[in-house]
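Have a go at each task before you read its solution.

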Amino acid sequence: MNQYLYPWHDLHGNNSISSIRAKNYTDCIDKLSKRLIDEYDKLDDTLEFEDLLQQLGEVYGVWIGDIYDITEF
């Protein structure tokens, strides 16, 4: 399992770096999508990942940055 990191921030000034353990990048995207859909009930679960992130920003004011495998650092 690999560990992936992603930064996020919101309109309230909160920001952090979160992580997900996944088999590969695709698995990471799937897990992050599920996490977001579970947490934010107005997200459309039929959207592709990039569109889901766009909707997250537009509806909830939460923005997620690029995802990196921790081994890249």
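Keep in mind that this is a predicted model.

**Exercise 1.** Work out how the rings of Tyr4 and Tyr25 are arranged, and where the two residues sit.

*Solution.* Begin with the search of the whole structure, which turns up two aromatic pairs. Tyr4 and Tyr25 make up one of them, with 6.3 Å centre to centre and 70 degrees between the planes. Planes over 60 degrees apart count as edge-to-face, so that's the label here. Now find the places: Tyr4 belongs to strand E1 (residues 2-10) and Tyr25 to helix H1 (residues 25-39). They're 21 residues apart, so the pair links distant parts of the chain.

**Exercise 2.** Decide for Tyr4 and Tyr25: buried or partly exposed?

*Solution.* Buried means under 20% relative accessible area. Tyr4 has 5%, so it's buried. Tyr25 has 43%, so it counts as partly exposed.

**Exercise 3.** Do the ring analysis again for Tyr40 and Tyr60.

*Solution.* The centres are 4.7 Å apart and there are 55 degrees between the planes, which makes this pair tilted. Tyr40 lies in the loop between H1 and helix H2 (49-60), while Tyr60 is in helix H2, 20 residues apart. At 16% relative accessibility Tyr40 is buried, whereas Tyr60, with 25%, is partly exposed.

**Exercise 4.** Which residues form the negative surface patch?

*Solution.* Look for Glu48, Glu50, Asp51 and Asp66. Then zoom in on Asp51: you'll find it in helix H2, and its 43% relative accessibility makes it partly exposed.

Technical notes: Residues numbered from 1 in each chain as written. Predicted model: local features only at pLDDT ≥ 70, side-chain atom pairs only at ≥ 80, totals over all residues. Heavy atoms only, no water. Phe/Tyr/Trp six-rings, centres within 6.5 Å; stacked < 30°, edge-to-face > 60°. Helix = DSSP H or I, 4+ residues; strand = E, 2+ residues; numbered from the N terminus. Buried < 20%, exposed > 50% of the residue type's maximum accessible area, 1.4 Å probe, protein only. Patch = residues over 30% accessible without salt bridge, like charges linked within 9 Å, V, L, I, M, F, W, Y side chains within 5 Å. Areas by Shrake-Rupley, 256 points an atom, 1.4 Å probe, with all protein chains shown as cover. Salt bridge = Lys/Arg side-chain N within 4 Å of Asp/Glu carboxyl O. Lys, Arg positive; Asp, Glu negative; His and termini not counted. Charge placed at Lys NZ, Arg CZ, Asp CG, Glu CD.
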